[in-house]
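Try each task before reading its solution.

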2 protein chains.
Amino acid sequence: MRVLGVDPGLTRCGLGVVDGGAGRTVSCVAVDVVRTPPEADLASRLLAVADAVETWFDTYQPEAVAIERVFSQHNVRTAMGTAQAGGVVALGAARRGLPVHFHTPSEVKAAVTGSGRADKAQVTGMVTKLLGLAQAPKPADAADALALAICHLWREPMRARLAAAEARAAEVAKIHRARLAEAAKKNARAGR
Amino acid sequence: MRVLGVDPGLTRCGLGVVDGGAGRTVSCVAVDVVRTPPEADLASRLLAVADAVETWFDTYQPEAVAIERVFSQHNVRTAMGTAQAGGVVALGAARRGLPVHFHTPSEVKAAVTGSGRADKAQVTGMVTKLLGLAQAPKPADAADALALAICHLWREPMRARLAAAEARAAEVAKIHRARLAEAAKKNARAGR
């Protein structure tokens, strides 16, 4: 499976494509950072990010997209821009029918380093090692995008199994409720 | 000028089209609220909002788009969804080359009611009166979308004049700097 990881942003948007192989094997297909000028208006910055991602969809044909879920940031304005950049990437993926998943920074850190509290240097170090890269991807947004893709590749089988188990449990509960309702009806008739 | 006002949101996205006439005359062309199911995944909700707005662009052919600028909300998750919905609307407008402007809630309230601290009922009341509507637009998101469009229609001439004045001032400053530099060169040559 090939995943496009996206560390969303307007000033710097990290993009990384990773192929998942047997077991936990992962390999880097492409990594880059898209930049848009801070002095440009918001709509044209979003358009620049959206267009860049369209090109990546065409070029690398990922089967799924993993985007960092932004909860909060010190700077509210930056957080909003980040959320909006993530939104237009998700929209582009949805238009192509690609599955989109959001992962929190701590999920990504935990998946890649084993600790949800790892710092940027630890994440970059592990990404470099896991993908067997000759040098660390720079800037941090590029490494984060690759970490997101790896996180998704490793979490997705578990997520899919969990979703299937939950669907089965819901089905069983539905049958159970139907039987209970039928028994209640019978009892009511017998009581009359 | 015809403006599409957008009160962005995933659960409810208010859309209102207003035509500006001579002076402060405004008339309502269309108003509605787009809803997306909270249980749907984020990417498909964004796609539903984007598709609805595309239909409005086609149907009403607005010349500009005014979107509420979200700074913060009590619920960070809701704020992010709101920002993302606004982002995909801005992207759609940018793809069509339409100018996009963001207005803060207090700018909108001040433009429509005269007070940046007006409550929802006051905004709805003034919007109903200004547009000469037989009944108040409901829900509040619909009234807010119309208020955004009115705010933009009334602020835009002032904004455009200000931008032109600033551009002229920058041009004058540039000429002034060039003359100062030339004078300094002459003085240096004279001093040699």
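Predicted model: local features only at pLDDT ≥ 70, side-chain atom pairs only at ≥ 80, totals over all residues.

**Exercise 1. Work out how chain A is built and whether its overall shape is spread out or compact.**

Solution. Start with the elements: chain A holds five helices and five strands. Walk along the sequence and they come in the pattern β-β-β-α-β-α-β-α-α-α. Now turn to the radius of gyration, which is 21 Å, while the globule rule gives 16 Å for 192 residues; the value is well over the rule, so chain A is more spread out than a compact globule. For the dimensions, the C-alpha atoms fill a box of roughly 80 × 40 × 35 Å along the principal axes.

**Exercise 2. Describe the burial, contacts and surface of chain A.**

Solution. First, burial: 44% of the 192 residues are buried, where the cut-off is under 20% relative accessible area. Next, take contacts between residues at least 6 apart in sequence: 63% of them join residues at least 24 apart. Then the surface: chain A exposes about 10,100 Å², with 54% supplied by carbon and sulfur atoms. Last, count charges: there are 25 positive and 18 negative side chains, and the centres of the two sets sit 12 Å apart.

**Exercise 3. What relates chain B to chain A?**

Solution. Superpose chain B on chain A: that takes a rotation of 179° with 0.0 Å of shift along the axis, at an RMSD of 0.2 Å. The two copies are therefore related as by a two-fold rotation axis. In chain B, B:Gln84 has the C-alpha nearest that axis, at 2.3 Å. Finally, compare contact residues: 100% of those in chain B recur in chain A, so the same surface serves both copies.

Technical notes:
Residues numbered from 1 in each chain as written. Chains lettered and ligands numbered in written order. Heavy atoms only, no water. Helix = DSSP H or I, 4+ residues; strand = E, 2+ residues; numbered from the N terminus. Rg over C-alpha atoms; globule rule 2.2 N^0.38 Å. Buried < 20%, exposed > 50% of the residue type's maximum accessible area, 1.4 Å probe, protein only. Contact = heavy atoms within 4.5 Å. Areas by Shrake-Rupley, 256 points an atom, 1.4 Å probe, with all protein chains shown as cover. Lys, Arg positive; Asp, Glu negative; His and termini not counted. Charge placed at Lys NZ, Arg CZ, Asp CG, Glu CD. Least-squares fit on C-alpha atoms with pLDDT ≥ 70 in both.
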